[in-house]
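Me: I've got a model open and I'd like to learn how to read its charged pairs and its ligand site. Can you walk me through it?

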Amino acid sequence: MAETTDTAKLTLKGKTYDLPVYSPTGGPDVIDIRKLYAQADVFTYDPGFTSTAACDSTITFIDGEEGVLLHRGYPIDQLASQSHYLEVCYLLLYGELPSSTELEKFESLVTNHTMIHEQMHNFFRGFRRDAHPMATMVGVVGAMSAFYHDSTDINDPHQREVATIRLIAKMPTVAAMAYKYSIGQPFVYPRNDLDYAANFLHMCFAVPAQEYHVDPILARAMDRIFTLHADHEQNASTSTVRLASSSGANPFACIAAGIACLWGPAHGGANQACLEMLKEIGTVDRIPEYIARAKDKNDPYRLMGFGHRVYKNFDPRATVMKQSADEVLELLGVENNPVLQVAKELEKQALADPYFADKKLFPNVDFYSGIILEAMGFPTSMFTPIFAVARTVGWISQWAEQLADPQLKIGRPRQLYLGEMERKYVDIEKR
Ligand code: CMC
């Protein structure tokens, strides 16, 4: 826990309360209000947690004004260009970059756990054929606690470690199977001679009838998408995982909760929503109409892939993703794809519009990731499952950090109650 560096004073109904203030290694100071209710009989009110630090953490740091994202102190652009996903997983989980022996051991551990329990194939077959892959993933990952009993005891460090490796190793397999099932193709088993990203592409795009070659540039772009989505401090799905875990729930149940939260269009579902929006716009001449709708106060419509709760200048992940998008589009020779043309023109027009500049709304990571995934041949329904694969390491790192915290308490927010106070029940014939 941080040291007290200052004291804030709260005066209420003639009484003054001293509140400890902590100075973090980065970011604004934090006022500790944990004893406020006991001392002053008041709650604080912060729906959406816009001013609330719900935990302390050493994993990821974001400075939204400056567009900074650090994992264990390392900037995301350096990790995206010089490292790769599994090394970033190690860094997030264990706090330091691995030596080559440590990395080799970690990669071998993950690679050798990519297959899922064979009986789980039957479980997949229980879903409706046209189920959204996210719906299937929420169910299948939750069901992993029924298949891997030997790694559900959160009080056993060995079991926690096994669950961690299983989740990172098996999530691409689960996502690829959810996809194959939704398009009526046979499941493709993982190939342990391929790296993490290449294996995922193989499981998604290979068919038994013919040889499939994974293009190394596409595998690199896939790996970069995983790296850029690996963690993002206390976002909605990570906070969901932490809240679920605070009750002592098993890791598979907690990650299933994270997947469910990620699905929403304001969070991980934005990449799918963004591509759908681009397709709906259809042609460049219709862009002004959609921009006008997004600006209209009386219309709830928003430009998907624009804006961020924390980044108010630029999203550093989007900068790397934009470069990657250009590379992939050039490689695939799809620069003239109409959806991608609409995307480029929309970005240009929105950035030139004072509404977006004044409100500090910039394209976020999901704007560009959707474009790359579309060009690679993924249907929009797979965009959020891919985000879930990538974010699993972030969820599980934050989960492990929380479990190691001796001050861990069940998460239990309070409320500002505005409903009726006690009233007498009225019989139905008298209402
Ligand atoms: N299009 C049009 N106006 C917008 C948009 C947008 N995409 N985003 C925010 N605004 C406006 C909003 O109407 C509000 O205006 P006013 O102050 O006049 O009421 C102002 O900007 C601030 O918006 P907010 O809703 O208070 O901001 P927030 O921090 O609560 O929301 C957000 C952040 C990401 C949910 C929001 O920007 C949004 O809905 N964006 C579209 C969905 C999206 O792309 N989400 C992906 C986020 S990045 C991936 C991830 O981390 O999951």
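Me: Let's start with aspartate 326: is it buried, exposed or partly exposed?

Reply: The general idea is to look at relative accessible area, where buried means under 20% and exposed over 50%. This is a predicted model, and in it aspartate 326 has a relative accessible area of 36%, so it counts as partly exposed.

Me: And which side chain does aspartate 326 meet in a salt bridge?

Reply: For a salt bridge, you look for a Lys or Arg side-chain nitrogen within 4 Å of a carboxyl oxygen of Asp or Glu. Here the partner of aspartate 326 is lysine 344, at 3.5 Å from N to O. The two sit in distant parts of the chain, 18 residues apart, with lysine 344 in helix α15 and aspartate 326 in helix α14. Lysine 344 is partly exposed too, as its relative accessible area is 46%.

Me: Where do glutamate 347 and lysine 322 sit, and what is their N to O distance?

Reply: Their side chains form a salt bridge at 3.3 Å, N to O. Glutamate 347 belongs to helix α15 (residues 338-351) and lysine 322 to helix α14 (residues 316-332), so to speak a link between distant parts of the chain, 25 residues apart. Now check the cover: glutamate 347 has a relative accessible area of 10%, so it is buried, while lysine 322, at 34%, is partly exposed.

Me: What does arginine 191 pair with?

Reply: Aspartate 193, with the closest N and O atoms 2.7 Å apart. Arginine 191 is partly exposed at 31% relative accessibility, whereas aspartate 193 reaches 58% and counts as exposed.

Me: How many salt bridges does the structure hold?

Reply: It holds 18.

Me: On to the ligand. Which residues come nearest to it?

Reply: Start with the shell, then go to single atoms. There are 21 residues around the ligand, and His267, Lys297, Arg302, Leu303 and Lys359 come nearest. Sorted by class, the shell has 9 nonpolar, 6 polar and 6 charged residues.

Me: What polar atoms lie across from the ligand's own N and O atoms?

Reply: Take the ligand nitrogen to begin with: one sits 2.9 Å from a polar backbone atom of phenylalanine 306. On the oxygen side, a ligand oxygen is 2.8 Å from a side-chain N or O atom of arginine 309, and asparagine 364 places a polar side-chain atom 3.0 Å from a ligand oxygen.

Me: How much of the ligand does the protein cover?

Reply: Compare with the ligand on its own: that gives 950 Å² of accessible area, and the protein covers 76% of it.

Key:
Residues are numbered from 1 along each chain as its sequence is written. This is a predicted model: local features need pLDDT of at least 70, side-chain atom pairs count only at pLDDT 80 or more; totals for chains, interfaces and linings use all residues. Side-chain values use heavy atoms; hydrogens and water are left out. Buried means under 20% relative accessible area, exposed over 50%, partly exposed in between (1.4 Å probe, protein chains only). Helices (H or I, at least four residues) and strands (E, at least two) are DSSP runs, numbered from the N terminus. A residue is near a molecule or strand if one of its heavy atoms lies within 4 Å of it. A polar contact is a pair of N or O atoms within 3.5 Å; within protein, one must be able to donate a hydrogen and the other to accept it, and residues adjacent in sequence count only if both atoms are side-chain atoms. Accessible areas come from the Shrake-Rupley method with a 1.4 Å probe; for residues, only the protein chains shown count as cover. Ala, Val, Leu, Ile, Met, Phe, Trp, Tyr, Cys and Pro count as nonpolar, Asp, Glu, Lys and Arg as charged, and the others, Gly among them, as polar.
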